Amino acid sequence: PGGCVATGVLNETDTAAETDFCNLQFPASTTVSAGTPTPMIFGRIFEAGVTESAGPHPSVRAELGLGPTTADPRTDQGWVWSPASYNVQVGNEDEYQLMLIGPVPGTFSYTFRFSFDDGITWTYCDLDGAGSNPGLVFDPTQLGTLTVTS
């Protein structure tokens, strides 16, 4: 449920439990008034042997998080996570979606994370892709930006 705290970070471990590829698909930024929903926010995941077939795989858990712009979602406090729902199959990737509600006025970061072990460990995603596939590195400066107005 929302507000879960990650107990393990898998980024850059190259273990079998780390997602092969995931990203914050769209939008890279959005602006809403406090108390109003954002447009739908999308994240994608690819895991060999898991996401290629149509429909969501029962082992995949997807969450969209919102946090301070100065906080790394892998290690810092202040992030709130909410379960995202399956949207559509895109090639061999599964796409998930969720809208956020604009909190108090200010600027925030958002991104997706995915788990295969019911939330014990997570792979955190960014705009240019993260995961265990070659060349993918999570970058906390590559998160979505939510601007909330009064």
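Mentor: Let's go from the overall fold to single residues, keeping in mind that this is a predicted model.

Trainee: Okay, how many helices and strands are in the chain?
Mentor: The chain has zero helices and 10 strands. Read along the sequence, the pattern is β-β-β-β-β-β-β-β-β-β.

Trainee: What share of the residues counts as buried?
Mentor: Of the 150 residues, 46% count as buried.

Trainee: Which residues touch the most other members of the largest nonpolar core?
Mentor: That core has 29 residues, and the ones touching the most other members are Ile41, Leu64, Tyr96, Tyr110, Phe112, Phe114 and Leu146. Two or more residues each come from strand 1 (21-26), strand 3 (41-46), strand 4 (61-68), strand 7 (93-98), strand 8 (106-115) and strand 10 (144-149). Strand 8 gives the largest share, four residues.

Trainee: Why would nonpolar side chains be buried together?
Mentor: As a general point, that is what they tend to do in soluble globular proteins.

Trainee: Switching to Ile45: is it buried or exposed?
Mentor: Ile45 counts as buried because its relative accessibility is 0%, and the cut-off is under 20%. This residue lies in strand 3.

Trainee: What is Ile45 in contact with, beyond its neighbours in sequence?
Mentor: Leaving aside neighbours within four places, its contacts include Phe21, Val60, Asn92, Tyr96 and Phe114. Asn92 is 47 residues from Ile45 in sequence, yet the C-alpha to C-alpha distance is 8.8 Å.

Trainee: New topic: the backbone. Which peptide bond is cis?
Mentor: The one from Phe26 to Pro27, with omega near -10°. Pro27 sits in the loop between strand 1 and strand 2 (29-33).

Trainee: What about Asp118, where is it found?
Mentor: Asp118 is in the loop between strand 8 and strand 9 (123-124). Its phi is positive, about 60°, although Asp118 is not a glycine. Asp118 counts as exposed because its relative accessibility is 61%.

Trainee: And phi of Glu12, what is it near?
Mentor: Phi of Glu12 is near 65°, again a positive value in a residue other than glycine. Glu12 is in the segment before strand 1, and at 36% relative accessibility Glu12 counts as partly exposed.

Methods: Residues are numbered from 1 along each chain as its sequence is written. This is a predicted model: local features need pLDDT of at least 70, side-chain atom pairs count only at pLDDT 80 or more; totals for chains, interfaces and linings use all residues. Side-chain values use heavy atoms; hydrogens and water are left out. A nonpolar core is a set of buried Ala, Val, Leu, Ile, Met, Phe, Trp, Tyr and Cys residues joined through side-chain atoms within 4.5 Å. Buried means under 20% relative accessible area, exposed over 50%, partly exposed in between (1.4 Å probe, protein chains only). Contact means heavy atoms within 4.5 Å.
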